[in-house]
Amino acid sequence: MSGGDIFTGTLEMLVLKALCWQPMHGYGINKWLQSHGGATLKVNEGALYPALQRLVVQGYVAEAWDRTPNGREAKFYTLLPPGRARLTSEVRRWQEHTSAVQAVLQAAPA
Amino acid sequence: MTPEQPLPAAIEPDRHGRLQWYPWHRHAIRTEVERELRSHLLLHVDDLRAQGMSAEDAEAHARQQFEQYAATLTHCQEIRMSAAGKARRGTLWHEFRQDVRFALRTLARRPGHAALLIGTLAIGVGSSAVVLQTLDTAVLSVFPFRRPAELVVVEPMGPVSQSKQMLELLRRRSTDFTAIAGYSQWGFTLTGDGHPEEVDGGRATANLFELLGLEAQLGRTFAEGEDQPGNDAVAVISHGLWLRRFGADSSVVSRTMEIDGRPHQVIGVLPAATTFPTQKTEVWIPATIEPADADDYSTNYLTLVGRLGPDATIASAEAGVNRALEGMVVDGIIPSLNPADPPPSLTPLRTWLLGRIRPTLLLLFGAACAILGLACANVANLLHVQTRSRAQELAIRAALGAGRGRLVRQLVTESLVLAAAAAVVSVGLAAALSGALVLALAEAVVPSNAAVLGSITIGWIIAVSLLIGLGLGLYRSRWVESELSILHLRSGSSGQVVGWRRALSIIAITQVTVAVVLMIGAALMVQSHRRLVGEDPGFRAEGVLSFSVAPPSARYSTDEQQAAYHKAVLEQLLAIPGVTVAGAVHLMPLSGNNWNPTLHIEGAPLPEGASREVDWRSASPGYFETMGVGLIRGRMFDESDHASGMPVAVVTEALARRDFPGSDPIGKRVRTGFEPEGQYVTIVGVVADMKEFTLAGPGRPAIYRPLGQMPISTMAMMVRTSQSPDALSDAVREAVWRVDPEVPISNPRPFESVVRHAAAPQRRFGTLLGVAGALALVIALVGVYGMVSYVADQRSREYALRKAFGATGRDISLAIMQWAVTLAAAGVLAGLVAAALATRMLGTYLYGIAPLDLATFAGVGAVMVLAASLASVRPAWRVARADPAHLLRA
């Protein structure tokens with residue numbers, strides 16, 4: 001994924017996941033991540049919005065202005081088919097990565 | 001917080017649901033990102049207020065929670081801008097490739113037309129490149145001197161060579177120079193290692209090379225003091241000589257050469273392509289002056305070269321030299337200065353060495369650029385019709401939303417493709433022709449690698465082609481704009497079209513005029529050459545081999561020695577199998593050398609103020625027979641004509657006719673200034689006329705004295721053979737060296753090539769003018785073709801109306817051709833007038849044909865008119881064939 005570190009890659013994967021079921025705006029994505037992942041996953045806005053821009057530029061999500069149920073205007077992001085495919089592959093990579101890390105951490109002296 | 005804004009307007013999302021930004025949307029991007037971040041804050045505030053916070057607290061809290069608001073804004077902007085940049089570049093590249101493909105397809109659809117366009121451009125670019133290439137190698141580069149701007153040739157008393165004493169005096173008395181050196185050009189005889197040969201070389205003061213900044217590639221150049229007697233047995237040789245005579249031996253620096261009979265040690269080899277002062281300068285020895293040689297004019301013919309000091313200018317240095325001269329008068333060193341003598345003059349070394357050729361080349365370059373301009377005008381014109389129909393299509397696309405910039409880019413790309421093709425062809429043309437130009441300017445100082453295209457020339461071709469492509473493209477896009485406005489205003493032909501047509505007519509007529517002038521010049525030159533070479537020269541050149549021998553004066557100082565030597569050589573030559581007859585004469589025929597004293601006839605003194613000049617030659621028995629010149633009366637030279645025999649002479653018919661009209665010259669006594677004082681010679685024979693001195697004009701009055709009675713040291717030998725003359729070269733050399741192996745012999749050449757060389761200026765001019773004329777003709781014809789196409793297209797509506805009213809296609813095309821021929825005739829007329837004025841400049845080169853030769857003028861004029869009418873056939877036919885209804889609807 002784009003971004004230099006694992007964190008950025010992970011963040012974008014999470015955002016894609018958040019958009020799996022319905023379009024959301026940036027504030028909503030943040031709330032969704034916290035509600036599902038707990039306070040640990042509170043994302044800094046300074047990381048979230050650039051991540052969203054990158055996802056748009058790379059063609060994984062679409063963007064459009066719309067109104068929230070409360071009548072506020074907000075920019076909604078929608079997952080696109082390429083983004084869905086990307087999510088799948090990133091999730092698989094993440095799982096492989098964590099299994100490997102787990103295996104190392106649980107290693108007994110040889 | 002600011003009130004809410006309406007939904008977006010300017011930028012629509014693309015089919016991916018993505019807002020398509022371009023780099024110029026910087027402000028819009030910023031606004032968009034700001035808007036999004038602000039909406040984030042608003043949503044946060046809503047939540048907080050829903051939890052019970054007050055409005056102000058909620059705002060403050062929300063802001064505080066959003067760390068680094070400004071930085072996030074910038075970061076998001078950067079991401080978008082970078083993506084926008086990439087998108088833009090991608091689109092540009094994609095569109096460029098599209099345009100190139102389209103351009104190539106368009107050209108391929110009409111290959112003849114494409115060839116015409118590319119060819120015309122290539123002629124223009126190529127001819128300017130050729131001249132530039134020669135300029136580059138002859139004038140701009142190949143000057144291996146240190147800081148050449150400081151080098152000047154010093155002529156203290158006008159264009160006269162100076163003595164070494166003068167050099168010393170100027171050195172001491174003039175403060176404007178950091179150094180002064182001198183050199184003279186001289187021919188040397190090399191003997192010793194290898195065959196004797198004669199080479200061009202120079203004598204130089206010891207500081208010459210150091211002053212010029214010329215360093216040896218091997219060994220060294222002269223050191224101080226080596227031009228003093230006793231130290232001067234050294235020599236510096238050229239790269240060419242090193243290769244030829246020493247086989248590029250790296251130990252050449254210790255070897256010795258015999259120069260004019262004296263040994264010199266080779267101390268250094270100059271770098272290749274050092275063309276100072278000429279290409280052919282091969283060896284340098286110090287310019288020594290020995291007390292006994294004070295009269296030796298070889299050291300008194302120095303050209304002085306000075307290096308200007310840091311504060312000196314040419315003007316100040318000239319004044320300084322003047323002052324020095326005056327000082328010398330005051331000190332009694334030189335006699336008074338004659339006010340009628342030319343004043344001291346300093347010329348930059350570069351100008352002095354290349355002076356003759358630079359103006360010619362610059363003129364040629366100007367002419368070539370003019371041709372380039374005309375070629376561009378032609379191409380623009382040819383593209384005109386094409387552009388106009390494209391313009392409609394492009395204007396419609398513009399109206400439908402394609403950016404104007406996009407269309408301009410397309411037209412420019414198409415023109416660049418055309419220009420690139422022309423550039424490629426130009427490179428080929430330039431490479432092929434620049435060698436020819438060098439040959440044509442053969443007498444100039446042009447190094448032999450001039451045919452390889454240099455970086456300046458390639459750069460010129462690329463730059464000019466780029467400019468042409470851009471210019472053409474931009475010019476054509478102007479038409480798009482004018483078509484746009486026409487669409488809007490629905491007007492017909494605007495005023496600018498008429499103005500353009502007038503300009504085009506003038507251009508086309510000018511091209512025809514120029515072509516006519518050049519073609520007439522070429523025709524006159526070619527005819528001159530043919531007449532020069534075609535007339536009976538009085539001798540028979542086929543089968544004759546010619547060369548010179550130069551027995552060194554050291555060993556052949558007396559008349560008897562010289563006469564004996566030449567007699568021995570002729571005997572050896574006659575012994576060669578295949579040689580039928582051989583003879584010698586002291587000046588090589590057609591070499592441009594002549595001795596022509598006044599003839600005195602015994603008993604018929606010259607009236608006051610009259611002149612009676614004759615060409616004087618010393619010739620051996622067998623000379624006339626070798627040249628194939630017949631005897632008219634009396635006898636030719638034979639063995640009895642030796643030193644103690646009666647002094648005799650043989651004269652030509654022309655002399656007999658001029659000086660002894662109606663009477664028999666045999667037995668008459670005459671003399672010239674070359675005969676010893678008071679001695680008259682008796683005419684014993686009259687031979688047929690021969691064009692011995694020059695091919696131009698009839699045979700001249702000439703008098704010949706026998707070699708045995710008037711020996712000259714250097715003689716030209718002519719050998720007639722029944723085989724091919726070339727085959728005898730080696731045998732001839734061996735024969736000469738059998739008599740004395742130390743006597744140099746010039747390169748044996750078939751006399752036919754000498755004759756051809758004598759007609760060289762005419763041939764060269766003829767070739768140059770011919771090529772220029774051919775180019776100008778092509779351009780003029782293209783111009784006419786383009787002109788007619790354009791006007792026919794402009795007037796297509798009118799023609800369509802005429803057709804609708806019953807005119808046939810033939811009527812139309814005849815009308816068009818008539819107009820084209822009128823145009824061409826105007827150009828031809830102007831051309832004839834201009835040529836009448838210009839051919840006078842050909843002056844002395846014309847032979848046997850008048851500058852205003854009626855047949856030539858009429859012939860060229862007729863050809864031009866015919867060619868122009870042929871050029872107009874196709875466009876006329878095209879319009880005539882077109883369906884009138886279609887034309888009217890367009």
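Start with a cysteine in chain A. A:C20 has a relative accessibility of 17%, and because buried means under 20%, A:C20 counts as buried. Now hop over to chain B and find B:C369: with 28% relative accessibility, B:C369 counts as partly exposed. Keep in mind that what you're looking at is a predicted model.

## Chain B in outline

Chain B has 890 residues, and 47% of them count as buried. Its fold includes 24 helices and 21 strands.

Here's one way to see how the chain folds back on itself. Take the contacts in chain B with a separation of 6 or more: 80% of them are between residues 24 or more positions apart.

## Rings that pair up

A pair of aromatic rings is described by the distance of the centres and the angle of the planes. Over all chains, the count comes to 15 aromatic pairs. One of them is B:F539 with B:F751, an edge-to-face pair with 5.3 Å from centre to centre and 65° between the planes. B:F539 sits in the loop between α13 (495-534) and β11 (544-549) of chain B, while B:F751 belongs to helix α18 (residues 751-758) of chain B, so this pair ties together parts that are 212 residues apart in sequence.

Next, look at B:W595 and B:W616. Their ring centres are 5.7 Å apart and their planes are at 15°, so this pair is stacked. The pair also links distant parts of the chain, 21 residues apart: B:W595 is in the loop between β12 (579-585) and β13 (600-601) of chain B, and B:W616 is in strand β14 (residues 615-619) of chain B. B:W595 is partly exposed, with 29% relative accessibility, whereas B:W616 is buried at 1%. Elsewhere in chain B, one aromatic cluster is formed by B:Y183, B:F209, B:F222 and B:W284.

## A charge over a ring

The charged end of B:R35 sits over the ring of A:W65, at 4.0 Å from the ring's centre.

## A helix in chain A

Now for helix α3 (residues 45-57) of chain A. What span should its 13 residues have? At 1.5 Å a residue, they should span 18 Å, and the end C-alpha atoms are 18 Å apart, so the two values agree. This helix is mostly covered, with 10 of its 13 residues buried. Among the buried ones are A:L48, A:Y49, A:L52 and A:V56. As background, an α-helix has 3.6 residues a turn, so residues three or four places apart point the same way.

Check the two ends as well. At the N-terminal end, A:N44 caps α3(A), with a side-chain oxygen 3.1 Å from the backbone nitrogen of A:G46. After α3(A) comes A:G59, which has a positive phi near 90°.

## A buried serine

Back in chain B, B:S128 is part of helix α4 (residues 111-140). B:S128 is buried, with a relative accessible area of 0%. What does the side chain of B:S128 make a polar contact with? Its partner is the side chain of B:W460, at 3.0 Å. If you skip neighbours within four places in sequence, B:S128 is in contact with B:F365, B:A368, B:L372 and B:W460.

Most residues other than glycine have a negative phi. B:Q68 isn't a glycine, but its phi is positive, about 50°. You'll find B:Q68 in the loop between α2 (55-65) and α3 (69-109) of chain B, and it is exposed, with a relative accessible area of 55%.

B:A248 also has a positive phi, near 55°, in a residue other than glycine. B:A248 lies in the loop between α7 (239-246) and β6 (256-259) of chain B. With a relative accessible area of 32%, B:A248 is partly exposed.

Technical notes: Residues numbered from 1 in each chain as written. Chains lettered and ligands numbered in written order. Predicted model: local features only at pLDDT ≥ 70, side-chain atom pairs only at ≥ 80, totals over all residues. Heavy atoms only, no water. Buried < 20%, exposed > 50% of the residue type's maximum accessible area, 1.4 Å probe, protein only. Phe/Tyr/Trp six-rings, centres within 6.5 Å; stacked < 30°, edge-to-face > 60°. Helix = DSSP H or I, 4+ residues; strand = E, 2+ residues; numbered from the N terminus. Lys NZ or Arg CZ within 6 Å of the ring centre and 35° of its normal. Expected span 1.5 Å × (residues − 1). Polar contact = N/O pair within 3.5 Å; in protein donor to acceptor, adjacent residues only side chain to side chain. Contact = heavy atoms within 4.5 Å.
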